[in-house]
Amino acid sequence: MSGRELFCQPRRVRRAAALTLVFAGLLVTGAATGAFPDPGQGDRKPTGGAPRAAVGHEDVTRAAAEAMADGKSPMEAAERAVSRSGDRWAAVYSEGEYQEFEEALDGQYTGVGLWARRERSGRIEVTRVQAGSPAATAGIRKGDRLRSVDGSHVDGRPVTDVVSLLRGDATDARAGTTVTLGLERGTHEWTETLRRALLSTDSVTVRKLSGGITVIKVSAFTRGSGELVRDAVRQAPADAGIVLDLRGNSGGLVGEAVTAASAFLDGGLVATYDVDGVQRALHADPGGDTARPLVALVDGGTMSAAEMLTGALQDRGRAVVLGSRTFGKGSIQMPTRLPDGSVAELTVGHYRTPSGHTVDGRGITPDLEVGTEALERAETVLSGLGDPS
């Protein structure tokens, strides 16, 4: 198991899935958090998967306001109201948690720039150090052993817990706060105190395989990622296929996923969705590359906006989908700012693929189920699809 400081479980694990698929909208603070326009009512923010909650936003807001008037915690009151909703993806976030999420949507995260994994022995090993990060400046290298974080020993702990310590989740740590790491390299043991920083992520990476095949890996749909996919398609060799790798993509901004779809489709339907029973649709821009052979790779970590994109490419016959069944999260949550600055979200609708298939709770079944050899199988499939010219 491995982990990175950005794409880890949030502070409250039960909220993890509710932080991944975001509709365009302006919160009270004016911070944009997504795509999926909702004309006339403001914009909406979707994530998880659940029936429509019996408890609405007005109920949660009222509970929070009454608690504040009584000198009690509005956030705790809102959490109690949400727990009664029957909505499995409903959640309440502190102001700091929501701010952190908004930073992630901008392709940023607060941390020290380490990737780590837990070995079978339980040891935590550094697998990558981000260039220019506090960890890199301190001389930490790939292969170093991480023994402790702020005095807490990490051997045997889940990587998500270790990442949470590095980020300072328990204290809403921001950029500029310090964290002390216990490290080991061979027989040398030492401690290093780092200052957390706001770091940028690479949500889209591109590489070439033999034969000119272009692999476009999208780890999340952060702002600007859709246009990066379009650029990668434009720059790919005209006589070779493309692999769109969406494995482990936990979602992100729906508008960016639609832009990515536009790279491969010549207009047309990407998805339909409902908000409070009102039906709407999302369409790709015209002019995408519809001729070049395309394979999409997915797995159980492919979620939300990534599932929406996969469903569009599969239903419209644009891509052969390889891998394993996707996560199955296609419901829509709307955020409401509470009196103390925290944010409550409740499910208000669901989206469907162009053929009308519901993703929520079901996921998307690939055309060909493959495991760890997915990339090799993708090359074989692309060779069978032939020359796009």
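Select tryptophan 89 to begin. In this predicted model, tryptophan 89 is buried, at 7% relative accessibility. The cut-off for buried is under 20%.

A search of the whole structure turns up two aromatic pairs. Tryptophan 89 and phenylalanine 327 form a tilted one, 6.4 Å centre to centre with 50 degrees between the planes. Which parts does this pair tie together? Colour the two loops to see. Tryptophan 89 sits in the loop between helix H2 (74-83) and strand E3 (91-93). Phenylalanine 327 sits in the loop between strand E19 (320-323) and strand E20 (331-337). The pair therefore joins parts that are 238 residues apart in sequence.

Next, select tyrosine 93 and tyrosine 98. Their ring centres are 5.8 Å apart and their planes meet at 50 degrees, so this pair is tilted. Buried or exposed? Check tyrosine 93 and tyrosine 98. Tyrosine 93 is buried, with a relative accessible area of 1%. Tyrosine 98 is buried, at 1% relative accessibility.

Move to tryptophan 115 and show arginine 128. Arginine 128 lies over the face of the tryptophan 115 ring, 4.2 Å from the ring centre.

Go to helix H1 (residues 57-69) and show H2 with it. The two axes come within 8 Å and cross at roughly 145 degrees. The crossing of H1 and H2 is right-handed. Which residues make the contact?

- From H1: Val60, Ala63, Ala64, Ala67 and Met68.
- From H2: Pro74, Ala77, Ala78, Ala81 and Val82.

Colour the contact of H1 with H2 by residue type. Ten residues are nonpolar, none is polar and none is charged.

Two backbone stops remain. Select aspartate 172, in the loop between helix H5 (159-167) and strand E9 (178-185). Aspartate 172 is not a glycine, yet its phi is positive, at about 55 degrees. Aspartate 172 is partly exposed, with a relative accessible area of 31%.

Finish at serine 304. Look in the loop between strand E18 (294-298) and helix H8 (305-315). What is the phi of serine 304? The value is near 55 degrees, positive in a residue other than glycine. Show the surface around serine 304 too: at 0% relative accessibility, serine 304 counts as buried.

How values were computed: Residues numbered from 1 in each chain as written. Predicted model: local features only at pLDDT ≥ 70, side-chain atom pairs only at ≥ 80, totals over all residues. Heavy atoms only, no water. Phe/Tyr/Trp six-rings, centres within 6.5 Å; stacked < 30°, edge-to-face > 60°. Helix = DSSP H or I, 4+ residues; strand = E, 2+ residues; numbered from the N terminus. Buried < 20%, exposed > 50% of the residue type's maximum accessible area, 1.4 Å probe, protein only. Lys NZ or Arg CZ within 6 Å of the ring centre and 35° of its normal. Axes fitted to C-alpha atoms, helices over the stretch in contact; angles between N-to-C directions. Left-handed = near helix turned anticlockwise from the far one by under 90°. Contact = heavy atoms within 4.5 Å. Nonpolar A, V, L, I, M, F, W, Y, C, P; charged D, E, K, R; others polar.
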